[in-house]
Amino acid sequence: MRQTLSSSFVIPLFLCIFFFFVSISTSHGLTATNDSLIRKTCKKCAQSDPNLSYNFCVTSLQAAPHSHCANDLRQLGKISITLLGRNVTSTSSHIKELLKNQQKMDPFVRSCLHDCFDLYSDAIPTTKQALQDYKAKHYDDANIDVSSVMDATTTCEDGFKEKEGVVSPLTKRNNDVFMLSAISLSIINMIRLNGDSI
């Protein structure tokens, strides 16, 4: 005796397969669109700021949580400021860990690290305020907040340069926060000039 598949089973199976492929192609389309948004934004950011690396911008924004959901420049700006805040907090925690090993540390380096810890500790609420200002569309205030975070990174790094032969243990982290600040500032300025479009 020959068995046949009933139409009540075949039709739902066909629909499941159909919707599976539709969902894959749709999600792939969103990813490509968002990737394009990130690349276009980073290209403009790098063009407007010679200190900003296009590759750093793309890599940072692509790795940020929720960046694949950003549909416009405004959402990407929010993500960039959030990413900046996370890096500021992480750097503050890193400095705190470095200061735990004070016995082995040069007194000048320890003093610089204390100064940097104060700068980054102050920058944590500043990035939170920047995000609030940004969400409220107070772009001038957000610009001032992010600029002050950027200044903290250079002040921190410059402190180590005051004594010849001293190497900053925070150079990479300071550079990363500096560039994340530059990304956020570029996006804020693009929005102030052009709205949500690139």
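From the N terminus on, the order of elements in the chain is α-α-α-α-α-α. That makes six helices and zero strands. Before going further, note that this is a predicted model. The chain has 198 residues, and buried residues make up 38% of them.

Let me start with the inside. The largest nonpolar core has 50 residues. Which residues have the most contacts inside it? They are V88, L113, Y134, F160, I183 and I187. As for where the core comes from, at least two of its residues are supplied by each of α1 (7–48), α2 (54–63), α3 (73–99), α4 (107–135), α5 and α6. Which helix gives the largest share? That is α6, with eleven residues.

While we are on the inside, look at I38. This residue lies in helix α1. Is I38 buried or exposed? Its relative accessible area is 3%, and buried means under 20%, so I38 is buried. Now find L73, which is 35 residues from I38 along the chain. The C-alpha atoms of I38 and L73 are separated by 8.6 Å.

Compare that with N55, in helix α2. N55 has a relative accessibility of 54%, and exposed means over 50%, so N55 counts as exposed. Between N55 and K43 there are 9.2 Å, C-alpha to C-alpha, and the two are twelve residues apart along the chain.

Next, charges. Side chains of opposite charge can pair when their charged atoms come close. How many salt bridges does the structure hold? There are five, and I will go through some of them.

Take R192 and D140 to begin with. Their side chains meet in a salt bridge, at 2.4 Å from N to O. R192 lies in helix α6 and D140 in helix α5, so this pair ties together parts that are 52 residues apart in sequence. R192 has a relative accessible area of 41%, which makes it partly exposed. There is another residue to look at beside this one: Y139. R192 and Y139 are 53 residues apart in sequence, yet their C-alpha atoms are 6.8 Å apart in space.

Another salt bridge joins E97 and K100, where the closest N and O atoms are 3.0 Å apart. E97 is partly exposed, at a relative accessible area of 44%. For K100 the value is 54%, and K100 is exposed.

A further one is formed by D158 with K161. Here the closest N and O atoms are 3.8 Å apart. The cut-off for a salt bridge is within 4 Å, so this pair counts as one. D158 is partly exposed, with 41% relative accessibility, while K161 counts as exposed at 59%.

On the surface, D115, D118, D122 and E162 gather in a patch of negative charge. Where does E162 lie? It is in the loop between α5 (139–160) and α6 (171–194). E162 has 68% relative accessibility and counts as exposed. If you want to find the patch on the screen, E162 in that loop is one of its residues.

Last, two residues with a backbone angle to point out. H66 is exposed, with a relative accessible area of 53%.

The other residue is K137. Its phi is near 65°, again a positive value in a residue other than glycine. K137 lies in the loop between α4 and α5. K137 counts as exposed, at 53% relative accessibility.

The structure holds five salt bridges, including the one between R192 and D140. The surface carries a negative patch of D115, D118, D122 and E162. H66 and K137 sit in loops, H66 between α2 and α3 and K137 between α4 and α5.

Terms used: Residues numbered from 1 in each chain as written. Predicted model: local features only at pLDDT ≥ 70, side-chain atom pairs only at ≥ 80, totals over all residues. Heavy atoms only, no water. Patch = residues over 30% accessible without salt bridge, like charges linked within 9 Å, V, L, I, M, F, W, Y side chains within 5 Å. Areas by Shrake-Rupley, 256 points an atom, 1.4 Å probe, with all protein chains shown as cover. Lys, Arg positive; Asp, Glu negative; His and termini not counted. Charge placed at Lys NZ, Arg CZ, Asp CG, Glu CD. Helix = DSSP H or I, 4+ residues; strand = E, 2+ residues; numbered from the N terminus. Buried < 20%, exposed > 50% of the residue type's maximum accessible area, 1.4 Å probe, protein only. Core = buried A, V, L, I, M, F, W, Y, C linked by side-chain atoms within 4.5 Å.
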